[in-house]
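Subject: Handing over a structure

Hello,

I am passing this structure on to you.

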Amino acid sequence: MVPVSTPSAGSQVDALEASGVHRLFQEQISTRVRERPEMKAALAAAREYRSLGAKVTLVVHEMKRLGRGALELLKVAEELRDAEIELEFLTGPLAGKHDPAGHGAALFAFFAAMAESERDYIRDKTLEGQETARTKGKVIGGVKVSDEDMLATALRLRDDERLSLREIASHLVIRTGKKRGQHPS
């Protein structure tokens, strides 16, 4: 068994270890990042074990740890099918073992599409709520701490002195509000 996990949740790692995995791969980056070295390593290890004749199951805590979008999930499913590697989810709507080449392929595709649809729905509702708040005069985001002088100074430091953002922030001071006298982040 070859699992993939995220670094933030100890309970996910505990669940993977309790399932009896052979090797544990932990991604230290978001699943939204296109290049996922640990995921690539997990798939390579799974293919290697499979090439030696072993039955291999890629164990993942939940579907969203495998990929965020339907296209990404289907690509992984196709890789697993081509390598004859089973997939197991410990939680979520697809909990259990799936053979990407069998009936699991259609089920996997359906849930992948549903997951992407749910993400789009949440995003749309969030944007809708922000727009409603704006029309009622509410400010979205933090309080503005910069002014025209601060912006001009920041641009001069960036262009003329080639300073990093962190160095530029250390040269600037907030003049008003609760953060008066502090450097902007």
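The notes below go from the overall picture to single residues.

**Ground rules**

This is a predicted model, so local features need pLDDT of at least 70 and side-chain atom pairs count only at pLDDT 80 or more, while totals for chains, interfaces and linings use all residues. Residues are numbered from 1 along each chain as its sequence is written, and side-chain values use heavy atoms, leaving out hydrogens and water.

**Confidence**

The protein chain has a mean pLDDT of 80 (the predictor's confidence in each residue, from 0 to 100). Of its residues, 84% reach 70 or more. Among the elements, helix α2 (residues 37–51) has the highest mean, 90. Strand β1 (residues 2–5) has the lowest, 46. Over residues 1–8, pLDDT stays under 50. The model has 49 contacts beyond four places in sequence for that stretch; a contact means heavy atoms within 4.5 Å. Where pLDDT is low, the predicted coordinates should not be read in detail.

**Overall layout**

The protein chain holds 7 helices and 5 strands. These are DSSP runs, numbered from the N terminus: helices are H or I with at least four residues, strands are E with at least two. From the N terminus on, the order is β-α-β-α-β-α-α-β-β-α-α-α. The chain has 185 residues, and 32% of them are buried. Buried means under 20% relative accessible area, exposed over 50%, and partly exposed in between (1.4 Å probe, protein chains only). Take the contacts with a separation of 6 or more: residues 24 or more positions apart account for 47% of them.

**The cores**

A nonpolar core is a set of buried Ala, Val, Leu, Ile, Met, Phe, Trp, Tyr and Cys residues joined through side-chain atoms within 4.5 Å. The largest one has 19 residues. Leu 58, Val 60, Leu 66, Leu 80, Ile 85, Leu 87 and Phe 89 touch the most other members. Two or more residues come from each of α2, β3 (57–60), α3 (63–66), α4 (70–83) and β4 (86–89). Helix α2 gives the most to this core, with 5 residues. Apart from this core lies another, of 7 residues, including Met 150, Leu 163, Leu 172 and Ile 174.

Leu 80 is worth a click. Not counting residues up to four places away in sequence, Leu 80 touches Leu 43, Leu 58, Ile 85, Leu 87 and Pro 100.

**Helix α1**

In helix α1 (residues 10–18), Gln 12, Val 13 and Leu 16 are buried. They cover an arc of only 100° around the axis, so they sit on the same side of α1. The arc is that of the directions from the helix axis to the C-beta atoms. Ser 11, Asp 14 and Ala 18 are exposed on the other side. Just after α1, Gly 20 takes a positive phi of about 85°.

Helix α6 (residues 148–159) has 12 residues, which should span 16 Å at 1.5 Å a residue; its end C-alpha atoms are 16 Å apart, which agrees. The expected span is 1.5 Å times one less than the number of residues. Met 150, Ala 154 and Leu 157 are buried in α6. They cover an arc of only 65° around the axis, and therefore lie on the same side of α6. Glu 148 and Leu 151 are exposed on the other side. What covers the buried residues of α6 includes α7 (165–171).

At the start of α6, a side-chain oxygen of Asp 147 reaches to within 3.2 Å of the backbone nitrogen of Asp 149. Ser 146 is in the loop between α5 (104–135) and α6. Ser 146 counts as partly exposed because its relative accessibility is 36%. Ser 146 and Leu 172 are 26 residues apart in sequence, and 9.3 Å apart in space, C-alpha to C-alpha.

**Two residues with positive phi**

Glu 84 is not a glycine, yet has a positive phi of about 60°. Glu 84 is in the loop between α4 and β4 and counts as exposed, at 56% relative accessibility. Arg 162 is also not a glycine, and its phi is positive, near 55°. Arg 162 is in the loop between α6 and α7. At 68% relative accessibility, Arg 162 counts as exposed.

Best wishes

Key. A polar contact is a pair of N or O atoms within 3.5 Å; within protein, one must be able to donate a hydrogen and the other to accept it, and residues adjacent in sequence count only if both atoms are side-chain atoms.
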